[in-house]
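Trainee: I'd like to learn how to read helix packing and chain contacts in a model. Could you walk me through one?

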Amino acid sequence: MFYREAGDFKTSYVSDSQTFPIAFDRYCYFVTLFIGVVVLPFVVNDYIVSAILAPFFIYSIAAIGLNILTGYCGQVSLGTGGFMAVGAYSCYKLMTGFPEVSILLHVVMAGAITAIVGAIFGLPSLRIKGFYLAVATLAAQFFLVWLFNKVSWFYNYSASGQISAPERTVLSIPVTGPNVEPWAMYLICFAFAFISAVLARNLTRGSLGRTWMAIRDMDIAAEIIGVNPLRAKLTAFAVSSFFIGVSGALFFAVYLGAAEAGDSFGIQKSFIVLFMIIIGGLGSIFGSFAGAALLVVLPVFLKLLGVDLMGWPTDLVAHIQLVIVGFLIILFLVLEPHGLAQLWRLGKEKLRLWPFPH
Amino acid sequence: MPEQLLFGAEVFLNGLMAGVMYALVALGFVLIFKASGIFNFAQGVMALFAAMTFVGIQDGQVPFAHLINAIFGTKIHHFGWELHSLAAIFLTSLVMICMAWAVQRFIFQYLVGQEPIILFMATIGLAYFLEGVADLMWGAEIKTLDVCLTDNTCLPQGINQLIDAKTYDWFGYGFFIDNLDISATLVAMLLVTVLIVFSQYTKQGRAMRAVADDHQAALSVGISLNYIWILVWSVAGFVALVAGIMWGAKSGVQFSLSLIALKALPVLMLGGFTSIPGAIVGGLVIGVGEKLFEFLVGPMIGGATENWFAYVLALLFLVFRPQGLFGEKIIERV
């Protein structure tokens, strides 16, 4: 009964075009933020953070990035893993090269470097489209991973070929390295995910986002009405890679602590992030979070159910997980091509009319 | 440097042979893409699935043994018989036909008229699904694959002694050519001939070409699209079986098979998505290109360039000719 616009008067353009026009949504949003910032850091334990919350926020950032490119601008990319590797390795080089600078700045700089690399690999998108481009982005994936494995400058000539994050602090609290408290890891991931979401939301509804959507819906028509395809596509690649780079940097520095390009940033990463945005919803920020949540929780849930409860061998459960993920992808594409986000939207629409739907 | 030249020639020949293997996988892509406009990412996994099914049937494994054991606490694994290779090929073909029917009935029937990119993503989902099912059915461990007609006439493996001896006589340096690559080339030639005869001279083949040419016109002269699509997926399944057997005999049946099959994608981009000769020429170009690049440039930049060379070559090529070597010109209308 309380999920209405009725009585909530908008008196300025700013309040009219806000993200959550319905008061109830706004309250929910603030309550979620409150729980996220004030309550959760005191109750989380190591298992919850390292199994669910940290990967959820990090993958959400990557999914937001890919969603900008694929969902908003219509360019399918299979190079996400490679771009995450760029973020991770540039973060590592910055951390070891400039130890006195804050890690927060390093992560952002890693994103910026990835943005440049992404824009370079985005250049062919001006000539080629659709799945030709999807396959072309595989070139980025394989080439970048090979580069980070072969050129020893990138991993500071370490014998194992691995990169491992040294300890860095924010306000003298360690956030990388072996001595990270769960709540610190949680808070830094949360902060980056929150800022990314706000940034992406405002970018996609501004003029830049509208040019992306015009390119996605029909690039020739967009060109005729005055959208510059060079600018639109390259900015989409750059912005998308920025977020993916940030997520790669966090994934390596905060979450994993040590990484190797082939293992941590292989082609499987690209697929997982693509699946997140398909299941979550193409062209939706909320969908990026929903898809990331589903694909992060699903393996944990299956492992709890299969291995711990039923006592099945781990590899069997892993195979069942493959089947379920594939099945979910197909199911969503057949039944609801716009993913969880569309279900959410429909649910809200129903709720708005309830209990008098006519 | 005649010695270097000889090495180069050997690398070139081996590249040609590797290219044939890529072309085998690429053929399946082209068939499905021409007939239904679906870019079937799952072709590589279909090859893996077919090869695993072939080995499983041949060795008399119990399907889903792992799962059954986990649920009921039993300890079954094999029926205890070994099947003849030809019978196993026949049975696997039947499985692939069932799979083609299921794919059409449960997935693509509901996706008719969707955008190509949605179909593409559906096939990525299908790839995951099939891979999971294959692992569940037959187990994920690496298997060896042997095709034998009788007990001692198997698919030959290892170095071809005849070529080695002959080239040693001629140049004073014996070329290393794998027997398996030679038989793969012969099988590929046979397969392409059969496919061409099938599509040119049979009723179903003509119907297939009609559908590939124009869906609506084909529909209006009374060709059942559903039937043709199942047929095409079955043929692609059979091509996947052949590719799977060849790749499996070469490097064992394992997950990386589906990653090798990813190499078929740049092959297609080079040759054009709609052309069977394109798939073959593209395969040969990629095979020779990556072997020669690894031989000439690889040592200077650290080796293992085969991982990415094909993709980068295809990428650079596409910038100049977006439809590939033999593809139809892309015409866009608003």
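Trainee: How do I describe the way helix H4 and helix H10 of chain A pack?

Mentor: Two packed helices are described by the angle between their axes and the distance between the axes. In this predicted model, H4 (residues 80-97) and H10 (residues 229-256) of chain A pack at about 60°, with their axes 7 Å apart. Perpendicular starts at 65 degrees, so H4(A) counts as oblique to H10(A).

Trainee: Is the crossing of H4(A) and H10(A) left-handed or right-handed?

Mentor: Right-handed. By class, the contact of H4(A) with H10(A) has 14 nonpolar, 6 polar and no charged residues.

Trainee: And what about H3 and H7 of chain A?

Mentor: H3 (residues 46-72) and H7 (residues 182-205) of chain A pack at about 15°, axes 9 Å apart. Angles under 35 degrees count as roughly parallel, so H3(A) is roughly parallel to H7(A). H3(A) passes H7(A) in a left-handed crossing. Here the class count is 18 nonpolar, 3 polar and 1 charged.

Trainee: Now the chains. How many residues of chain A are in contact with chain B?

Mentor: 37 residues of chain A, meeting 41 of chain B. Helices H6, H9, H12 and H14 of chain A each give two or more residues to that side.

Trainee: Which element gives the most?

Mentor: H14(A), with 13 residues.

Methods: Residues numbered from 1 in each chain as written. Chains lettered and ligands numbered in written order. Predicted model: local features only at pLDDT ≥ 70, side-chain atom pairs only at ≥ 80, totals over all residues. Axes fitted to C-alpha atoms, helices over the stretch in contact; angles between N-to-C directions. Helix = DSSP H or I, 4+ residues; strand = E, 2+ residues; numbered from the N terminus. Parallel < 35°, antiparallel > 145°, perpendicular 65-115°, else oblique. Left-handed = near helix turned anticlockwise from the far one by under 90°. Nonpolar A, V, L, I, M, F, W, Y, C, P; charged D, E, K, R; others polar. Contact = placed C-beta atoms within 7 Å.
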